[in-house]
Every structure is written in C-alpha cells, then in structure tokens.
Amino acid sequence: MRILLVLFLAHVIIFHVANAMLHPIDFLALQAIHKSLSDLPGSKFLASWDFTSDPCNFAGVYCVNDRVITLNLGDPRAGSPGLTGRLDPAIGKLSDLAEFTVVPGRIIGVLPESLSQLRNLRFLGVSRNFISGRIPAGLGKLRRLQTLDLSYNQLTGNIPWAIGTLPVLSNFILSHNRLTGSVPPFVSQRLTRFDLKHNLLSGSLLPNSLPSSLEYLSLSWNMLTGSVYHLLARLNRLNYLDLSLNRFTGFIPGELFKFPITNLQLQRNQFTGRIYPVGPVTIPIVDLSFNRFYGEISPLFSSVQILYMNNNRFTGQVPGIIVDRLLSANIHVLYLQHNFLTGIAINPAAEIPVRSSLCLQYNCMVLPVQTPCPLKAGKQKSRPTAQCVQWKG
C-alpha cells in the first residue's frame with residue numbers, strides 16, 4: 001500500500017513539474033474535495049473537473065502562481081442547482097486560500113475543523129445548505145477573516161467567543177440556524193453587518209458588546225432579554241435595525257429615531273416607557289407594536305410612512321399633524337388599535353385615501369370613522385369603560 005502511495009505522489013509531482021501547474025498539496029486537496037461531493041441533478045459543475053488537465057482552469061478555482069487562492073464550489077448563477085455530499089477536511093491543506101464559498105445546495109455534515117488552518121482566509125461563505133453540528137471554535141484563529149456567512153443551515157450549539165475577537169471582521173451572518181447560548185462581544189471596529197435572526201439565542205447584550213461601526217443589525221426571532229438602551233444609543237450609523245420577537249425590556253433612547261435608519265422593527269418585545277424622539281422622525285417604516293410603551297404619541301412621528309404603534313398603552317389624543325398627513329396620503333399605514341387613546345381630531349365625513357390604512361379600534365374613544373382593520377385586531381370596537389378609568393398611562 002505504501003509503495004502505491006509513493007508511486008502516486010511521484011506521478012503527481014512529475015505531472016506538476018512537467019506542466020508547471022498546481023502545487024502537489026493543493027492538487028491532492030482538490031481531488032479529495034471532489035471525491036466527497038457530487039452534482040445535484042441539472043448541475044455539471046464538478047463534471048468539468050478533469051484532473052488530467054490543469055486544476056487552475058477548473059470552474060470555481062482561481063490560482064496565483066501554483067497555489068489555490070479562491071475556491072467557489074458550485075455554479076453561482078441564480079437558480080442553478082448546487083452540490084450534495086460533505087466538505088472534506090482536506091480543504092485545510094489549501095494554505096493560501098483567501099476565499100471559500102459554497103452555493104446553495106444539499107451539502108450535509110459538519111464544518112471541518114481544518115478550516116482553522118486557513119490563516120489567509122478573508123471570505124468564508126457556506127450558506128443555504130444542510131450543514132449541522134457546532135461552529136468550529138478554531139475559526140477564531142482566522143485573523144484576516146472579513147466575512148463569515150453560515151446562514152440558512154442547521155448549526156447548533158453556541159457561537160464561539162473566539163470569533164468575536166476577529167480584528168477585521170466586517171460581515172457576520174449566522175441567521176436561520178439553531179444556535180443557542182448568548183451573543184459574545186465583538187471587537188472589530190470594521191463590523192458593519194450583524195445578522196443572527198431566526199435562532200434560539202438567549203441572555204442579554206452588554207452595552208459595549210457591539211461596535212459603533214454597525215450599519216445593519218438583525219437579532220429578530222430569538223429569546224434575548226434585558227435592556228438595550230445604552231447599546232442602541234451608541235449605534236448611530238445604523239440604517240437597518242430589527243430586534244423584533246425577543247424579550248427585550250426597558251426604555252428606548254430618543255436618539256435612536258434620528259439615526260439614518262430606513263426600517264425600524266422593535267415589535268413583540270417587552271419594551272416600556274415613553275417615546276421621546278429628539279427631532280422629526282424620518283424613518284420610513286417604524287414598528288413599535290406589541291410592547292408596553294405608554295404616554296402620548298409624539299407628533300414628531302408625522303413623517304413616518306408606515307407606522308405601527310398598536311397593542312401598547314398609549315394614551316391621549318392622536319396628534320392633529322399625524323391625521324393631516326394620513327388624509328394627504330403621506331402616511332400609508334397607521335395602526336393604533338389596542339391602546340388607551342381617548343380621541344382623534346378627524347371629520348367623520350373625511351375619506352381615508354385608498355392607498356392608506358387606519359385602525360383605531362379597541363381604544364377609549366367612540367370611533368369617529370369606520371375603517372377596515374386587520375382580522376387579528378379582533379371585533380371589539382372599544383375598550384370596556386372600567387379599563388379606561390383605571391389606566392392613566
């Protein structure tokens with residue numbers, strides 16, 4: 001057996017020298033990777049890998065000198081079938097690899113621990129497959145890593161804290177997995193995208209656990225708890241924020257509403273307190289529904305196009321400027337149902353624009369206009385008088 005292996009290696013080396021092609025170690029690694037994968041029906045990606053020719057000319061393989069620096073497994077065209085099989089640990093032998101991606105497919109098994117040997121890796125993207133098991137803690141050794149995308153898989157266990165120490169990480173995407181435990185702190189001041197939605201994460205976030213460089217933050221559909229007041233106050237570069245469907249508590253900083261956010265999703269938590277924006281709110285979409293906010297609705301929300309404030313404890317009158325913006329079709333959705341509001345200054349004969357929606361039911365007022373509400377708002381038009389007397393905001 002040993003003689004056969006020696007003869008094979010000698011053949012590879014002679015083949016390499018004679019054709020001035022790929023380094024023997026990389027050549028053998030690609031062969032092992034090829035053997036562990038197959039094309040899904042309709043794909044001809046791996047069928048094109050003919051090892052009697054130069055692997056640097058294979059689809060998805062890019063070399064510099066005699067080493068593989070980019071390996072993109074599968075046809076990247078939208079809708080193209082991907083691959084099936086497993087990721088062979090031999091990938092760790094590609095020591096110069098800077099980019100490794102796998103297109104959506106049906107690859108199963110775990111992420112090889114050997115990925116931690118790729119010290120030059122800058123981009124790691126293995127999303128929309130069926131990868132299971134834990135995230136290798138050794139990924140924290142990849143000090144040049146800039147993008148880590150393992151979304152839409154079946155990963156379990158904790159997020160290794162060592163990953164949070166990566167110094168130049170800019171995109172961290174682990175959404176749609178089955179991860180548990182807490183969110184570790186991240187130190188990279190280049191981190192702009194942070195996406196952990198649709199997992200099973202729990203615990204609270206420390207005020208300094210995420211850098212102020214963040215522009216996109218999504219933690220929705222988890223079981224996270226505690227206050228995020230001081231954390232959010234620091235993230236003044238955010239343009240997208242989704243904390244919905246968690247168990248966050250406490251107040252929301254008024255400064256948040258002046259950040260360059262285009263979509264603000266805070267619904268279905270346990271946030272409380274009064275909402276005091278520090279200036280006109282120019283965020284197009286704001287969802288504060290299903291929380292415990294109270295007090296009067298600020299007229300500074302009049303510039304919002306889609307505004308959900310339903311299922312809270314807001315009191316008082318609906319500001320006139322918000323009504324005016326609704327009637328002029330500048331507000332497209334205004335959901336205020338299930339609060340303790342006592343009135344709205346609107347002419348009963350006023351016509352709500354066709355493209356706008358208003359829902360006021362189950363408040364402490366006689367509805368001045370009949371408008372269609374979502375079915376989940378229920379059939380009751382107003383709150384029982386006893387509730388309205390007892391609740392004072």
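Predicted model: local features only at pLDDT ≥ 70, side-chain atom pairs only at ≥ 80, totals over all residues.
Residues are numbered from 1 along each chain as its sequence is written, and side-chain values use heavy atoms, with hydrogens and water left out.

User: How many disulfides does the count come to?

Analyst: A disulfide is a covalent bond between the sulfur atoms of two cysteines. Here the rule is a pair of cysteine sulfur atoms within 2.5 Å. With bonded cysteines counted along the chain, the pattern is 1-2, 3-5, 4-6. By this rule the count comes to three.

User: Why is the disulfide of Cys 56 and Cys 63 left-handed?

Analyst: The sulfur atoms of Cys 56 and Cys 63 are 2.2 Å apart. Both Cys 56 and Cys 63 are buried (buried means under 20% relative accessible area, exposed over 50%, partly exposed in between, with a 1.4 Å probe and protein chains only). The disulfide is left-handed because the torsion about its S-S bond is about -100 degrees.

User: Which cysteine forms a disulfide with Cys 359?

Analyst: Cys 359 is buried, since its relative accessible area is 0%. The link is right-handed, with 110 degrees about the S-S bond. It connects distant parts of the chain, 14 residues apart: Cys 359 in strand β27 and its partner in the loop between β27 and α5 (helices, H or I, have at least four residues and strands, E, at least two; both are DSSP runs numbered from the N terminus). The sulfur atoms are 2.0 Å apart, and the partner is Cys 373.

User: Is Cys 388 buried or partly exposed?

Analyst: A disulfide joins Cys 388 to Cys 364, S to S 2.0 Å. Cys 364 lies in the loop between β27 and α5 and Cys 388 in helix α5, so the pair ties together parts 24 residues apart in sequence. Cys 364 is buried, at 19% relative accessible area. Cys 388 has a relative accessible area of 21%, so Cys 388 is partly exposed.

User: Is Lys 379 buried or exposed?

Analyst: Lys 379 is in the loop between β27 and α5. Its relative accessible area is 80%, so Lys 379 is exposed.
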